Each structure stands twice: as C-alpha cells, then as structure tokens.
Amino acid sequence: MPDYYSNPTAPDAAAAGGPGDVTRWTLLRHWAPLAALGVAYWAIYSQLNVLLPIAANELTGSTAAISVVFTANGLLVVLFQYTLLSRVFRRATARTLLALGFLAFACAYAVLIPLAGWYSLLAFVLPVTLAEMLIGPSLDEQAVSAAALRRTGLALGTMSAAGALGSLLGSSLGGRLLQASRGDSRVWVLLVGCSLAAAAICLLLPKVRTRHA
C-alpha cells in the first residue's frame, strides 16, 4: 500500500496519474501554503508581545493597560474556545476557520488605526482573541491531515519550526516598524494587509473538515 497523504478529501489517485505523482502534488499543494500560514500567524501574533505593550501605553497613558488586554484575552479563551470550536464551528472546514481567523486579525489591528485610546484597545481584544482561538487549533489539524501515515510528529514539528521562524521575524521587524512609523498608524495598516494576505492564502488549502471533540 502506498504511503501517501491519508485524507478522505484528497484527490483520487486513479484520477490524477500514478500514486507517486499524487503524493508529491498533494503534499506540495498542502504544505507550501500551510507553512506560509504558520510563519504568518506567529509573525502577526508575536506583535502582542512586541508592539502592543508599547502601543497600549501610548494609547492610554497607563502601563497597566496591557495587563487588562492580556487578562481579558485569557478569560475569553478559557470561557469560549471549546464552545466555539465544538458547537458553533463544528461543521466548518479547517480552511474556513483559518480564513476567518486571519480576517479577525485584520479587524483587530484595524481598530487600532484610529488611535482612539481605551476605545481602540478594548475593541482590539475580542477579534484578536477570536483569531487566536480559530487559527492555532486549525493549523495543527491541517498539519496532521497533511502528514503521511505515521508521520504526525514530523508534521507538528514542521509547524513548530514555521512558528519559530515567524516569531523571529515578527520580533525582529516589529520594533523597527514601530520606530519607523513614529507612533502613527502605518504599522497597523501593514499588519491589516498582512492578515488579509494570509486569509487569501488559506483559500489555497484543500478542504479538511475539522474533528474537534
């Protein structure tokens, strides 16, 4: 039996040529955008630790503002992630969840563009938490579904490597962007654009139905 991507939504081998061709094409079709999304997610998400603490202080004049954001974010994840994934979005494909998550990232950073103090900061919490709840589990699910038989550990390791690269890029570039923007909204506009580009990349992924318990 050929050792290839075992997903009920994968194309039929007989319809696309030899099994080797199907294996290479399917893996490339899935892993190229998936790895790009892993890098993008962690590059965007890392700004919560790089840009947001500085921006929160500038927006509100309070060093405690970032603590409010992180506390609200943590509470929302604990209270709603299971219900959101197992009931509200239980029939959605992982591709759909990823696209919705990156669109939520775009909304989150868009509300910071007006620089409206506490209003912008508090409005930021809900969409960024939604993005976190949707993207993280869906990336892992896509990685597992793309793995060949008995290679789940390799798949998750690959996504961890993509995440490490994204975090490194996000941390390195985030501070420079904020310094270059000199406190205006250009950095948030750029993050909105990156989030929308990532949402578009999600459409390149094959449809894989989620199986959240």
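This is a predicted model: local features need pLDDT of at least 70, side-chain atom pairs count only at pLDDT 80 or more; totals for chains, interfaces and linings use all residues.

Modeller: Residues are numbered from 1 along each chain as its sequence is written, and side-chain values use heavy atoms, with hydrogens and water left out.

Colleague: Thanks! What makes Tyr41 and Phe105 an aromatic pair that is tilted?

Modeller: Rings of Phe, Tyr and Trp (its six-membered ring) pair if their centres lie within 6.5 Å; planes under 30 degrees apart are stacked, over 60 edge-to-face, and the rest tilted. The rule gives eight aromatic pairs. For Tyr41 and Phe105 the centres are 6.0 Å apart with 40° between the planes, hence a tilted pair. Tyr41 sits in helix H1 (residues 19-45) and Phe105 in helix H5 (residues 94-110), 64 residues apart, and the pair thus links distant parts of the chain. Helices here are DSSP runs (H or I, at least four residues), numbered from the N terminus.

Colleague: And why is Tyr41 called buried or exposed?

Modeller: Buried means under 20% relative accessible area, exposed over 50%, and partly exposed in between (1.4 Å probe, protein chains only). Tyr41 has 4% relative accessibility, so Tyr41 is buried. Phe105 is at 0% and is therefore buried too.

Colleague: How do you know what kind of pair Phe102 and Phe105 form?

Modeller: Their centres are 6.3 Å apart and the planes make 45°, so this pair is tilted. Both residues lie in helix H5, three residues apart, about one turn of the helix. Phe102, at 0% relative accessibility, counts as buried. The aromatic cluster includes Tyr41, Phe102 and Phe105, and also Trp188.

Colleague: Let's turn to helix H3: what puts its buried residues on the same side?

Modeller: The buried residues of H3 (residues 52-60) are Leu52, Ala55, Ala56, Leu59 and Thr60. They cover an arc of only 110° around the axis, so they share the same side of H3. That arc is taken from the directions from the helix axis to the C-beta atoms. Just after H3, Gly61 takes a positive phi of about 75°.

How values were computed
Helices (H or I, at least four residues) and strands (E, at least two) are DSSP runs, numbered from the N terminus.
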